[in-house]
Amino acid sequence: MTMPEGPERVLPEIVGRDMFDALVIRTDFGDDESWNAVVGELRRPWGPDDEFPARVQVVDVPAWSGATADEVLAAVDEDEYLSVVFLADRHTMESPTRALLALTTVWEDEGDLDPVYYQELIEAPEPGYFRAAPAAVHVVHANVTLGNMGFAEFAMAASAQPDQVLRPV
């Protein structure tokens, strides 16, 4: 017997985000101590001499508990100024580096692509995610939002690390 599919999960709307605020969504609520450490790191100034204030919108709402990457991406799809979103998932809470899952929200519209380029994308797709230490969130968000660097460049830098986690330079 096939079970009927349940209603689609509706996640709360994220309101009031400034385009220069990194968006961090908590999806694991099992360890408040680890979560508080993540938030503490996210709120620290950043940059070469810590000259930039932390600009972050933290979503700490239990309705997001257990949300998958696909559910989060669907929920933030309407934010036209959002290029990357960070998830504090179970891995974040359990890892010593408290590495957040960085997800790109920008996808190529395959209908407008040159067929040769589209075939290249199929054969070698751009990475859609990587792990980043909380201290690296701001540099990733700022550079991807401003177009200084692409998401894939950060993903490649993370993949070059032994533990696959991007850290600030």
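Trainee: Where does Asp 50 lie?
Mentor: Asp 50 sits in the loop between α1 and β2. Helices (H or I, at least four residues) and strands (E, at least two) are DSSP runs, numbered from the N terminus. The model is predicted: local features need pLDDT of at least 70, side-chain atom pairs count only at pLDDT 80 or more, and totals for chains, interfaces and linings use all residues. Residues are numbered from 1 along each chain as its sequence is written, and side-chain values use heavy atoms, with hydrogens and water left out.

Trainee: Why is Asp 50 called partly exposed?
Mentor: Its relative accessible area is 49%. Buried means under 20%, exposed over 50%, and partly exposed in between (1.4 Å probe, protein chains only). Asp 50 therefore counts as partly exposed. Asp 50 also has a positive phi of about 55°, although it is not a glycine.

Trainee: Which class does Gln 164 fall into, and where is it found?
Mentor: At a relative accessible area of 43%, Gln 164 is partly exposed. Gln 164 belongs to the loop between α6 (151-159) and β6 (165-166). Its phi is positive, about 65°, and Gln 164 is not a glycine either.

Trainee: Why is Arg 17 called buried?
Mentor: The relative accessible area of Arg 17 is 13%, so the residue falls under the limit for buried. Arg 17 is in the segment before β1.

Trainee: What makes the pair Arg 17 and Asp 79 a polar contact?
Mentor: Their side chains are joined at 2.8 Å. A polar contact is a pair of N or O atoms within 3.5 Å; within protein, one must be able to donate a hydrogen and the other to accept it, and residues adjacent in sequence count only if both atoms are side-chain atoms. The pair qualifies because 2.8 Å is within that limit.

Trainee: Which residues does Arg 17 contact beyond its sequence neighbours?
Mentor: Contact means heavy atoms within 4.5 Å. Leaving aside neighbours within four places in sequence, Arg 17 contacts Leu 23, Gln 57, Asp 79, Tyr 81, Leu 82 and His 141.

Trainee: How do you know that the buried residues of α1 are on the same side?
Mentor: The buried residues of α1 (residues 32-42) are Ser 34, Trp 35, Val 38, Val 39 and Leu 42. They cover an arc of only 135° around the axis, which puts them on the same side of α1. The arc is that of the directions from the helix axis to the C-beta atoms. An α-helix has 3.6 residues a turn, so residues three or four places apart point the same way.

Trainee: What covers that buried side, and which exposed residues are on the face turned away from it?
Mentor: The cover includes β1 (22-26), β2 (56-59), β3 (84-88), α3 (90-94), β4 (100-104) and α5 (137-146). The face turned away carries Glu 33 and Asn 36.

Trainee: What caps the N-terminal end of α1?
Mentor: Asp 31 does: one of its side-chain oxygens lies 3.2 Å from the backbone nitrogen of Glu 33.

Trainee: Why is Ser 65 called partly exposed, and what does it touch?
Mentor: Ser 65 is in the loop between β2 and α2 (69-75). Not counting residues up to four places away in sequence, Ser 65 touches Arg 9, Thr 27 and Phe 29. Ser 65 and Phe 29 are 36 residues apart in sequence, with 6.5 Å from C-alpha to C-alpha.

Trainee: How many helices and strands does the protein chain have?
Mentor: There are six helices and six strands, in the pattern β-α-β-α-β-α-β-α-β-α-α-β.
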